[in-house]
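Let's explore a protein together, one question at a time. Have the sequence and the structure open as you read.

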Amino acid sequence: MQTKDQLIQLLCELVNVKSITGTSDEVTMANKIVQKLADLRYYQDYPEYLQLHTTGDGRYYVMALAKKENIKKTIVMVSHFDVVNVEDYGMWKEEAFQPEKLKALMKSRIEEYSEEVQQHLESEDWLFGRGTMDMKAGLALQMSLLEKAALGEFDGNLVLLAVPDEEVNSEGMRKAVPTLLRLAQQYNLEYELILNSEPMFTQYPGDTNQYLYTGTIGKVMPGYLAYGKESHVGEPLSGLNANLMTSLITSELELNTQFCEACGDQISPPPTNLIQKDIKLDYSVQIPHRAVTLFNLFLFEKPLESVVKELLAVGKRVANQIESVYQQRANSYARLHGQEKSERSVGVSVLSFEQLRNYAMQTFGVTKVQEMEQKIYAEADLQLYGDRDLTIKIVDEYAILCKDLSPMIVLFFAPPYYPAVGDHDHPLVKMLTENLKNYAEKQHDIPLKKIRYYNGISDLSYVNLKEDLTSLGFYTNNVPVWDITYSIPIYEMKQLNVPVLNVGPVGRDPHQQTERLHATYAFTTLKDMVEHLLDAAFDHSGREDN
């Protein structure tokens, strides 16, 4: 697994496994990794260092240790082996997992692609296919580095952690964190660094810079449930349509740059809508009086307490807009009937899910509320629902129970939660990034640019926790499924508390039909740079020991 050709072959073998998140092929992929590593003589001599761990839901993550005798200093390499679906490939869904066949098919219709894609199709340096960029190339590279460590070629220990489910809920990584702590205790390891090899993401259209990252961006999914007032469509002004309410919320929050954060010269992307729908199950001529809208919101350093307060303020601004729009249109309709103005008006309450739940308990009693939640969980098919649908269902049932508060807007959060991790000021990270930048410039004529936060979302979010626990409570108290079907290992993350780096390959168009990898860079240039990085990290650790 050391030459470029060997690594391309390994990558193609990994891509051939259709490990789409949530499918049985994630299990096949975990077994494939174990099988490839088990062929190494080292793991035949030390089989206990090659471990397959269950996530508890039928899937598995792989943990492999290459240990040097009497050395504690350890670097953990993290990668994920799941990929997103291939609906975007159309008739080429099967070929999406066969890089050579896919490239030939794309070349047969080369005129349909952009000039850049055409150039890459004509080049021997680029591999196309689902997972080539995100992120099986990084996994192949890490397996290569593990092989070198098993041969004793680094002055420290390496751990390979390969996980499923990064593309949805990061179930693999969240379950692996406590196992990392147990592994360190069992084999007397001291974790110095956690290294990810997620691919570089562009910062803007046409960006050709090459990056290394000293952290990973944070993400939450705020949602608003709008509960209006039911009415027949023949008398729409007797009610309040929840679709109007959610549309105004989306209009207020979509791409709202007030929620962008600046950190150094990096700016977080603005929020964008991911789900918006009414909650009527069947067609009728009753107006939709319950609807929901959910957003992706990126974070750098803003405390969750501030996030909750700002999102509630959005709800209150929109409530005022709803009241104003309704009054204007009711008055306009009244004038059509010869009246000066309408006597109808609405008032919209705004509250958090925590406030709604507390109101329900105070009004109906803890026992009734608990019975309601237990019934929801008992009746929900968790395989079909998923955490987001289940979250919406719970908030909806609370709103129905407390309909005397309506019309209302309820702020809540749905999984997943990715805490932001920024280690740009950590002494080891600062030393390593400067060292690697100098090496890349001198050895490969590459001006690597350091960025504080990886903007593609990654499992590095779970290896330490910067958020204050009190501030975190403002978030967790508004996640209906927290500690029931979803949580993160908060205390283990605090205990692990290891600095991070992300140094990965060059690719283009992740999650698109034109996803591709620059293979020469990944398996020649990057391989050399990461080996240098590991040597520098272990050398630094050795001086600390002295």
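**A walk through the model**

Q: Leaving aside its neighbours within four places in sequence, which residues is Thr-246 in contact with?
A: This is a predicted model, so the contacts are computed from its atoms. Contact here means heavy atoms within 4.5 Å. Once the neighbours within four places in sequence are set aside, the partners of Thr-246 are Ala-226, Gln-276, Ala-291, Val-292 and Thr-293.

Q: Is Thr-246 buried or exposed?
A: Thr-246 lies in helix H8. Its relative accessible area is 1%, and a residue under 20% counts as buried. Thr-246 is therefore buried.

Q: Which residue is joined to Asp-134 by a cis peptide bond?
A: Most peptide bonds are trans. Here, omega is about -15° and the bond is cis.

Q: What is omega for the peptide bond from Pro-415 to Pro-416?
A: Pro-416 has its place in strand E15, which covers residues 408-418. The bond that runs to Pro-416 from Pro-415 is cis, with omega near 5°.

Q: Where does Ile-457 lie, and what is its phi?
A: Most residues other than glycine have a negative phi. Ile-457 is not a glycine, yet its phi is positive. Ile-457 is found in the loop between strand E17 (449-451) and helix H14 (469-476), and its phi is about 70°.

Q: Is Asp-509 buried or partly exposed?
A: Asp-509 also deserves a look for its backbone, with a positive phi of about 60° although it is not a glycine. Its loop runs between strand E19 (507-508) and strand E20 (516-518). The relative accessible area of Asp-509 is 21%, and buried would mean under 20%. Asp-509 is therefore partly exposed.

Q: Which residues make a nonpolar surface patch of about 340 Å²?
A: One member sits in the loop between strand E9 (218-227) and helix H8 (242-253). That member, Val-233, has 45% relative accessibility and so counts as partly exposed. The patch is made by Val-233, Tyr-283 and Val-285.

Q: How many residues apart in sequence are the parts tied together by Phe-201 and Tyr-454?
A: A search of the whole structure finds 16 aromatic pairs. Among them is the edge-to-face pair of Phe-201 and Tyr-454, 5.4 Å centre to centre with 80° between the planes. Phe-201 lies in the loop between strand E6 (190-196) and strand E7 (211-213) and Tyr-454 in the loop between E17 and H14, so the parts tied together are 253 residues apart in sequence.

Q: Why is the pair of Tyr-475 and Trp-482 given its name, and what is that name?
A: The ring centres of Tyr-475 and Trp-482 are 6.1 Å apart, and pairing asks for centres within 6.5 Å. Tyr-475 is buried at 0% relative accessibility, and Trp-482 is buried at 13%. Because the planes of Tyr-475 and Trp-482 meet at 85° and planes over 60 degrees apart get this label, the pair is edge-to-face.

Q: Which residue has its charged end over the ring of Trp-126?
A: A charge sits over a ring only if it is within 6 Å of the ring centre, with a limit on its angle too. Here the charged end is 5.8 Å from the centre of the Trp-126 ring, and it belongs to Arg-516.

Terms used
Residues numbered from 1 in each chain as written. Predicted model: local features only at pLDDT ≥ 70, side-chain atom pairs only at ≥ 80, totals over all residues. Heavy atoms only, no water. Helix = DSSP H or I, 4+ residues; strand = E, 2+ residues; numbered from the N terminus. Buried < 20%, exposed > 50% of the residue type's maximum accessible area, 1.4 Å probe, protein only. Patch = residues over 30% accessible without salt bridge, like charges linked within 9 Å, V, L, I, M, F, W, Y side chains within 5 Å. Areas by Shrake-Rupley, 256 points an atom, 1.4 Å probe, with all protein chains shown as cover. Salt bridge = Lys/Arg side-chain N within 4 Å of Asp/Glu carboxyl O. Phe/Tyr/Trp six-rings, centres within 6.5 Å; stacked < 30°, edge-to-face > 60°. Lys NZ or Arg CZ within 6 Å of the ring centre and 35° of its normal.
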